[in-house]
Amino acid sequence: MATAVPAERDAVAQAFPRPAQELRLPGAVLCRTAFAAGAVVDLLAAGVGPARAAASTATALTAAALDGAPYDLVVSAGIGGGFAPEAPLGSLVVADAITVADLGAATADGFLPVTELGFGTVTHHPPESLVRAVAEATGARTGTALTVSTVTGTADRAAALRARHPRALAEGMEGFGVAEAAAAQGVPVLEIRAISNPVGPRDRAAWRIGDALAALTAAFGKLAPALESWKPHDQ
Ligand SMILES: O=C(O)c1cccc(C(=O)CC[C@H]2O[C@@H](n3cnc4c(=O)[nH]cnc43)[C@H](O)[C@@H]2O)c1
C-alpha cells in the first residue's frame with residue numbers, strides 16, 4: 001500500500017487491527033501489518049511525485065520478490081484533487097484507469113502524449129473485478145485518476161485536463177509512478193483517492209485534508225473483504 005506521505009500511511013494504518021512493525025530497506029521504510037484474517041500488508045510512505053513514488057515502490061517490490069514473498073497487489077492511496085461536480089470534497093475515487101496527464105510534448109497544435117511520440121505508456125488499468133468490488137465496499141466513484149507533476153491551480157488547466165480526459169474524477173501526483181513500478185514486475189495495481197480539494201483555481205482555504213484522511217481510514221476499514229477475496233487471476 002503506497003501513500004505519498006506518512007500522514008496518509010498512518011491514516012491507512014489506523015484501519016488495521018494490528019500495530020505496524022517497521023522494516024528498513026535501502027531507500028524505503030515499510031510498516032508491516034495484517035488483515036484480521038492474517039494476510040500481510042506492507043504500508044509505504046513512498047514520497048511525493050511520480051518519480052519518487054515509483055523508486056520507493058520498486059524498492060519494496062524488489063525486496064519482497066528477493067525475499068521469496070512477492071506482492072499480489074500494489075495499492076496507491078492518498079488524498080487528491082476532485083473534479084467537480086462528480087468528485088466532491090470528502091468523497092472517494094477508485095481508478096479504473098490510472099493516466100499520466102503531463103508526460104509528452106507541448107506542440108503548437110496542443111499536447112501530445114508520450115505514446116504518440118512512440119514511447120512507453122500513459123495509462124494503466126487496474127483489474128476490473130477488483131475496482132468493482134472496492135467501489136461496492138466503499139461507495140467510491142469509479143473513473144480515471146490523473147497523475148500530474150504540477151498540481152492544477154487554474155480553471156483553464158482544469159478545463160483542459162477534463163477536455164482531454166472526460167472520465168477524469170481525481171488528480172494526484174503518485175498513481176502513475178506506483179503503477180509503472182508495479183507493471184514492471186507484473187503486479188496488478190489499484191489507486192484510491194480521498195478528495196481533499198477541488199481541481200481548479202488555487203484556494204488553500206478550501207482544502208479539507210482532515211476529512212480526506214478520515215475518509216481514507218474509513219475506506220480501508222471496509223476494504224479488507226474485497227481485497228482478501230480477490231484472486232490475482234480475476235480480471
Ligand atoms: O499549493 C497548492 O495549491 C496545492 C494544491 C493541491 C495540492 C498541493 C500539494 O502540494 C499536495 C501534494 C500531495 O497531495 C496530493 N494531492 C492533493 N490534492 C491534489 C491535487 O489537487 N492535485 C494533485 N495532487 C494532489 C498529491 O498526490 C501529493 O501527494 C498543493
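User: In which hand, left-handed or right-handed, does H2 pass H5 in a crossing?

Analyst: This is a predicted model. Two packed helices are described by the angle between their axes and the distance between the axes. Here the axes of helix H2 (residues 50-66) and helix H5 (residues 175-184) come within 7 Å and cross at roughly 30 degrees. The crossing of H2 past H5 is right-handed.

User: By class, how many nonpolar residues are in the contact of H2 with H5?

Analyst: H2 brings residues including Pro-50, Ala-54 and Leu-61, and H5 brings residues including Phe-176, Val-178 and Ala-181. Two residues of this contact are polar and one is charged. The nonpolar residues number 11.

User: Is Ala-218 buried, partly exposed or exposed?

Analyst: Ala-218 lies in helix H6. A buried residue needs 20 or more other C-beta atoms within 10 Å, and an exposed one has 12 or fewer. Ala-218 has 18 such neighbours inside 10 Å, so Ala-218 counts as partly exposed.

User: How far apart in space are Ala-218 and Val-148, C-alpha to C-alpha?

Analyst: In sequence, Ala-218 and Val-148 are 70 residues apart. In space, C-alpha to C-alpha, the two are apart by 26 Å.

User: Which strand gives the most to the shell around the ligand?

Analyst: Among the 18 residues around the ligand, Ala-4, Gly-81, Glu-171, Gly-172 and Met-173 come nearest. Strands E5 (74-82), E11 (168-172) and E12 (189-198) each supply at least two residues of the shell. The strand that gives the most, with four residues, is E5.

User: By class, how many charged residues does the shell around the ligand have?

Analyst: Seven residues of the shell are nonpolar. Another eight are polar. The charged residues number three.

User: Where is the place of Pro-85?

Analyst: The peptide bond from Ala-84 to Pro-85 is cis, with omega near 0 degrees. Strand E6 covers residues 92-100. Pro-85 sits in the loop between E5 and E6.

Key
Residues numbered from 1 in each chain as written. Predicted model: local features only at pLDDT ≥ 70, side-chain atom pairs only at ≥ 80, totals over all residues. Near = placed C-beta within 6 Å. Nonpolar A, V, L, I, M, F, W, Y, C, P; charged D, E, K, R; others polar. Axes fitted to C-alpha atoms, helices over the stretch in contact; angles between N-to-C directions. Left-handed = near helix turned anticlockwise from the far one by under 90°. Contact = placed C-beta atoms within 7 Å.
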